[in-house]
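Let's take a friendly walk through the inside of this protein. Have the sequence and the 3D view at hand as you read.

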Amino acid sequence: ERVREFLALHMHAKQADSPILCLVGPPGTGKTSIAKSIAEAMNRKYVRVCLGGVSDEAEIRGHRRTYVASLPGRIIQGMIQAGTANPLMLLDEVDKLGSDYKGDPASALLEVLDSAQNNRFVDHYIEIPMDMSRVMFIATANTTETIPRPLLDRMEIIEVNSYLKTEKFHIAKEHLIPKQMKRHSLTSSQIAWRDKAIDDMIEYYTREAGVRELERTIGKVCRKVVLAITEAEAEGKKPAKANISGRNLTEYLGRHKYMPEDKIGKAAVGVARGLAWTTVGGATMEIEVNLLPGGGKLSLTGNIGNVMRESAITGITYIRSLIGSKLEEGFFEKNSIHIHIPEGAVPKDGPSAGITMATAVYSAITGKPVASDIAMTGEITLRGRVLPIGGLREKLLAAKSVGVRKVLIPFANKESLSEIPAEVTEGVTICPVKTMEEVLREAIVNQ
């Protein structure tokens, strides 16, 4: 939508300033492809400048001509390569800029990416002011966390989210499969794809936010088909048409790489289902809590980070303040609490599992089961308030994939629901909550 607005502005006002857009999202979600498409739509020359690992300031500003083997900076080199003063320049992987004793290239980019200053950008090699205001800069990054704040302030951030399963299906069917068939010189008379095969490739052979692995998987199937055709022709036989379906997919790709997450079971004591955001999309996690006699200790296992550890302590403190007076005297001194988050080898961190851990602890202490068809996400405070979280779309998608019927989200995230596609929320009841008491009322059976 933002790109369309920009294109409309350029058609309406010829002297409009070019914005500096930064596409931020996981790998394989098409950030570079979007930039290339914009260049084609605007009929501008496309130049890609890869900034990953660049740690020398002279790579941006150029070398002084007094040095041996001096060169202009990458920005000027890109304009020379394009042969025009107004190309579309893609600054790829801007979050991976380095810095060392040779200077800080991120600071050198500040002048280039500031529309108020870059109309007289001076490269050390050329030493003539260059008007960079007509160049359309588009930057890409996987995360904004490693981009310096002054540089981030000069760019307009556009989030490129991970793809839904249905989006991946259509991308594969309409773009990736024709592309791979053309690359492998295959025709529709030699290979046919069933929808179930595409679904199974997405479900059992890839686990990613983008579609790069999916494209490689399709390419692997195409190579197997090409091999079978070549062998048949070598033996003087007519090659049979390959029908790729869910039934014979394992013949081409081998056994399943990934198994689907556990579907919902029965209500259990001390087990609550949380929702997490990962670089490959959303995931659900069952948090388990056990009470052990003696010690009065708290054990946390499952390769969790400091933020999640603090969330667990905060949740336990709130539960103690809530029901401590209803328990026998010295209950928490006589019993130890063990919280475990599978899978134990996968690193996990973040505050959004706070209400899930607190619910599981409450269930283990009171002996009341947690409803199995409920998942939840939200940060907990010491006084039991539920704070907002990020990655809501991916988390809701993960909940739906395991058959969850109700999802508890922070009330502050309610406004974000309008931006989420209807197919994600279809069949799932979204329940915004403000306090931990509301969470327990919804999640605990017979509360």
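This is a predicted model: local features need pLDDT of at least 70, side-chain atom pairs count only at pLDDT 80 or more; totals for chains, interfaces and linings use all residues.

**The cores**

The largest nonpolar core holds 41 residues, and I319, I339, M357, V361, M436 and V439 are the ones that touch the most other members. Its biggest contribution, 8 residues, comes from helix α13, which spans residues 354–366. A separate core of 32 residues lies apart from it, with L51, V54, F137 and A141 among its members.

| Residue | Relative accessibility |
|---|---|
| L392 | 7% |
| T217 | 6% |

L392 sits in helix α14, residues 392–401, and its 7% relative accessibility is why it counts as buried, the cut-off being under 20%. Setting aside residues up to four places away in sequence, L392 touches I409, N413, S416, L417 and I420. For N413, 21 residues from L392 along the chain, the C-alpha atoms of the pair are 8.0 Å apart.

T217 belongs to helix α9, residues 212–234. Which backbone oxygen does the side chain of T217 reach? That of E213, at 2.7 Å. Outside four places in sequence, T217 is in contact with M201, Y205, T206 and L253.

Technical notes: Residues are numbered from 1 along each chain as its sequence is written. Side-chain values use heavy atoms; hydrogens and water are left out. A nonpolar core is a set of buried Ala, Val, Leu, Ile, Met, Phe, Trp, Tyr and Cys residues joined through side-chain atoms within 4.5 Å. Buried means under 20% relative accessible area, exposed over 50%, partly exposed in between (1.4 Å probe, protein chains only). Helices (H or I, at least four residues) and strands (E, at least two) are DSSP runs, numbered from the N terminus. Contact means heavy atoms within 4.5 Å. A polar contact is a pair of N or O atoms within 3.5 Å; within protein, one must be able to donate a hydrogen and the other to accept it, and residues adjacent in sequence count only if both atoms are side-chain atoms.
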